[in-house]
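Dear colleague,

Please find the structure below. My notes on it follow.

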Amino acid sequence: MDNSCSNGKIITQKREIVEPPDLSEFVMFEKAPYDLPDVRTSTEFLLKGIEEEAKIYGPVFTEKFVKYTLEFISQKIGEPPPKDIKTLSQLLEYLVSISDRYSTPYAAIPYSQPKTENDFHGQTGAGTTIEARSFAKGLKIERNAGNEEWEFNIDQLLKNIRDVATAIKFCPSKVGYKKNNDGSVDIVFPNCPYKDGCLKAYQENLLKRHDGRLRCVPIATVCQYLGMFTNYLWDYDRLEPLYEPFCISRIYII
């Protein structure tokens, strides 16, 4: 699929979204029994992906990541960051501790991760895949053993990953999807709780993948999960509008 950018819009061969689509076009899952993901669970889950990246890039990756995360949080709560936080475990406890002042501290991670990655190789790339694969495996969704060839049901697969992520209070409370005639699927996150970090990273031009398309870690995780369960490779495109009033991505088999 060819993609190009024009005045901030991502254009695909399939369609160009100009106006926010009507959510009535989407199959919306039942709202989760919470408004925001659990702070400790979500932060811990995201930091596990960072831990996997640090195994490749070394201790300096963690050092920079912690620095950028604390700077982001400092801007949100209006106070200088602590000077004694050096490890991911210490960062986890700090982010949980300030959740009464900033309800989505885990939103810092979608900003500080690509900012750190860009310091290493100028664009988000392998690190995103490593993190997404870690998340997909971490959800621990069981697959039918000995059944390598089967007709997958995309509705059921999306429901499975949403149900498991909701059970651990990691999934955004509202999620929907729309199947397209070409086999692709559009996924919508109304009021995504990670938006603060993604929007800041987008504004600083940090979210470009190697081919210029924009990244989205939750959707990359969905693609990794679908790859594990369908024996196909999946990819995604971020679709306009970006972040307002909600996030939409298109997933498809490649």
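What share of the contacts in the protein with a separation of 6 or more is accounted for by residues 24 or more positions apart? The figure is 70%. Please keep in mind that this is a predicted model.

Overall content first. The protein has 254 residues, and 50% of them count as buried. Its secondary structure comes to eight helices and seven strands.

Next, the cores. In general, nonpolar side chains of soluble globular proteins tend to be buried together. Here the largest nonpolar core has 59 residues, and Ile73, Ile187 and Ile251 have the most contacts inside it. Leaving aside residues up to four places away in sequence, Ile251 touches Ser184, Val185, Ile187, Ile219, Val222, Cys223, Leu226, Trp234, Asp235 and Tyr236. There is also a second, separate core of five residues, with Phe26, Val188, Phe246 and Ile248 among them.

Ile219 counts as buried because its relative accessibility is 0%, and the cut-off for buried is under 20%. With residues up to four places away in sequence again left out, Ile219 touches Ile187, Phe189, Tyr236, Ser249 and Ile251. The C-alpha atoms of Ile219 and Asp237 are separated by 9.1 Å, and these two residues lie 18 residues apart along the chain.

Helix α8 (residues 217–230) also packs with helix α6 (residues 154–167): the angle is about 125° and the axes are 11 Å apart. That angle makes α6 oblique to α8. The crossing in which α6 passes α8 is right-handed. On the α6 side the contact is made by Ile154, Leu157, Leu158, Asn160 and Ile161, and these meet Val222, Tyr225, Leu226, Phe229 and Thr230 in α8. By class, this contact has eight nonpolar, two polar and no charged residues.

From α1, the residues Val39, Arg40, Thr43, Glu44, Leu47, Ile50 and Glu51 meet Leu88, Leu91, Leu92, Glu93, Leu95 and Val96 in α3. By class, the contact of α1 with α3 has eight nonpolar, one polar and four charged residues.

Which residues of helix α3 (residues 88–97) are buried? They are Leu88, Leu91, Leu92, Tyr94 and Leu95. Some of this spacing can be read against helix geometry: an α-helix has 3.6 residues a turn, so residues three or four places apart point the same way. The cover over the buried residues of α3 includes α1 (39–57) and α2 (59–77).

Helix α2 also holds Ser74. Is Ser74 buried or exposed? Ser74 counts as buried, because its relative accessibility is 17% and the cut-off is under 20%. Residues up to four places away in sequence not counted, Ser74 touches Glu79, Pro80 and Pro81.

Regards

How values were computed: Residues are numbered from 1 along each chain as its sequence is written. This is a predicted model: local features need pLDDT of at least 70, side-chain atom pairs count only at pLDDT 80 or more; totals for chains, interfaces and linings use all residues. Side-chain values use heavy atoms; hydrogens and water are left out. Buried means under 20% relative accessible area, exposed over 50%, partly exposed in between (1.4 Å probe, protein chains only). Helices (H or I, at least four residues) and strands (E, at least two) are DSSP runs, numbered from the N terminus. Contact means heavy atoms within 4.5 Å. Axes are lines fitted to C-alpha atoms, for helices over the stretch in contact, and angles run from 0 to 180 degrees between N-to-C directions. Angles under 35 degrees count as roughly parallel, over 145 as roughly antiparallel, 65 to 115 as roughly perpendicular and the rest as oblique. A crossing is left-handed if the near helix is turned anticlockwise from the far one by less than a right angle, and right-handed if clockwise. Ala, Val, Leu, Ile, Met, Phe, Trp, Tyr, Cys and Pro count as nonpolar, Asp, Glu, Lys and Arg as charged, and the others, Gly among them, as polar. A nonpolar core is a set of buried Ala, Val, Leu, Ile, Met, Phe, Trp, Tyr and Cys residues joined through side-chain atoms within 4.5 Å.
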